[in-house]
Amino acid sequence: MANSFGNLFKITTYGESHGEAVGVVIDGCPAGIKINTDKIQNWLNRRRPGQSVLTSPRDEKDKVEILSGIEQNTTLGTPITLNVKNSNKRSGDYSDIQNVYRPSHADYTTHAKYGIAASSGGGRASARETIGRVAAAAIAEQVLNTLCPTIEVFAWVDSVKDIKANSKDYSSFSRDIIEQTPLRCPDSEAQKKMEQLILDVKKKGDSVGGTIRCVIKNLPTGLGEPVFDKLEADLAKATMSLPATKGFEVGEGFASCLMYGSEHNDAFAIDQKGKIYTTTNHSGGIQGGISNGQDVLIRVAFKPVATIFKSQQTVNKQKQQITFSPRSGRHDPCVLPRAVPMVEAMVILVIADHFLRHLISKAI
């Protein structure tokens, strides 16, 4: 089972959703980086359940423990271990489904591949696994803040079902602004409609999906590789490894299929300081797999949460056709609000890894 991600800045996550703990081991973090441990906890607080009526009511405080790699708030250059105990486990919530392949869950595929699976919850397929990723990103962001403090990454809820935010001009957006509402959508009008839809769906025992946009500002030119490790390819792999993801776009994405080359091409120009830039950004800040210095803009699609409280047809492990009606459980009616920091986390991990690789390539 592959549980690691990254090349130079490499993370390995561990733990199951209803096990004793979840966490991450970070390898390749440079030595001598000052770490604000409160920022790690702040990242986890943004990801944790129970934040509002829009998210899962599971009451986990997600308190992080630093087990290795950091002394006196400074990285040692050795592996960093960040551990979070599962304190609000309710394995009994899953007693009625241990013998059932839940529709659109990982129960069947995991059992088919390994012949065994965690007895409670989604195990490694659960969104709780992302705690390790988010904690690692809190370290990675502080590494970037030290080595290249101009880089800025933030994401927001761009759509819920068919309700779309006005995100075309994101120049006024920031993480602080986005964090002012539980939904993490900076368009106040769209946000109200989205929240009402999620609450309505929750009452019906159903779920709903949507999209998240993420921007990387002030990224240096030259990050990424021209063949297999293209920057957008690694961003796609990173974000699509998150639970419930079903689509990825960079720049104009699929809309570029409807454009002529004369419309899509980003013309180069030179500003008054002699810096090369593009007059448009249809490419989303990446050309030939390498960052061109413009904003990198991506969009990630999330399907409706698979756990719903409606009767559905499925089969059990005895290969019997049954009607499945979950009796209990604590799940998000819409994953998008909590997925915002998850998307940011995976993007930051990719950028930290490629930035370190870029420094080495320039040194050589």
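Select I276 and you land in strand β14 (residues 276–278). Before moving on, a word on what's loaded: this is a predicted model, where local features need pLDDT of at least 70 and side-chain atom pairs count only at pLDDT 80 or more, while totals for chains, interfaces and linings use all residues. Residues are numbered from 1 along each chain as its sequence is written, and side-chain values use heavy atoms, with hydrogens and water left out. Helices (H or I, at least four residues) and strands (E, at least two) are DSSP runs numbered from the N terminus.

**Stop 1: the surface around I276**

Is I276 buried or exposed? I276 is exposed, at 52% relative accessible area; the cut-offs are under 20% for buried, over 50% for exposed and partly exposed in between (1.4 Å probe, protein chains only).

**Stop 2: the core**

Next, select F9, I26, I139 and L235. In the largest nonpolar core, which has 78 residues, these four touch the most other members. Helix α8 (residues 336–363) is the top contributor to this core, giving 15 residues. A core here is a set of buried Ala, Val, Leu, Ile, Met, Phe, Trp, Tyr and Cys residues joined through side-chain atoms within 4.5 Å.

Zoom in on I26. Leaving out residues up to four places away in sequence, its contacts (heavy atoms within 4.5 Å) include F9, T78, P79, A136 and I139. There is also a second, separate core of 7 residues, W156, Y170, F173 and V215 among them.

**Stop 3: helix α3**

Select residues 130–147, which make up helix α3: 18 residues, reaching 25 Å from first C-alpha to last, close to the 26 Å expected at 1.5 Å a residue. That expected span is 1.5 Å times one less than the number of residues. α3 is largely enclosed by the rest of the structure, because 15 of its 18 residues are buried.

**Stop 4: salt bridges**

The whole structure holds 16 salt bridges, counted when a side-chain nitrogen of Lys or Arg is within 4 Å of a carboxyl oxygen of Asp or Glu.

- R102 and D107 pair at 2.7 Å, N to O; R102 is buried at 9% relative accessibility, and D107 is buried at 16%.
- D158 and R213 pair at 3.2 Å, N to O. D158 sits in strand β9 (residues 152–160) and R213 in strand β11 (residues 210–217), so the pair ties together parts 55 residues apart in sequence. Both D158 and R213 are buried.
- R338 and D332 pair at 2.7 Å, N to O, and both are buried.

**Stop 5**

Finish with phi. K319 is not a glycine either and has a positive phi of about 60°. K319 is in the loop between β18 (312–316) and β19 (321–324), and is exposed at 78% relative accessibility.
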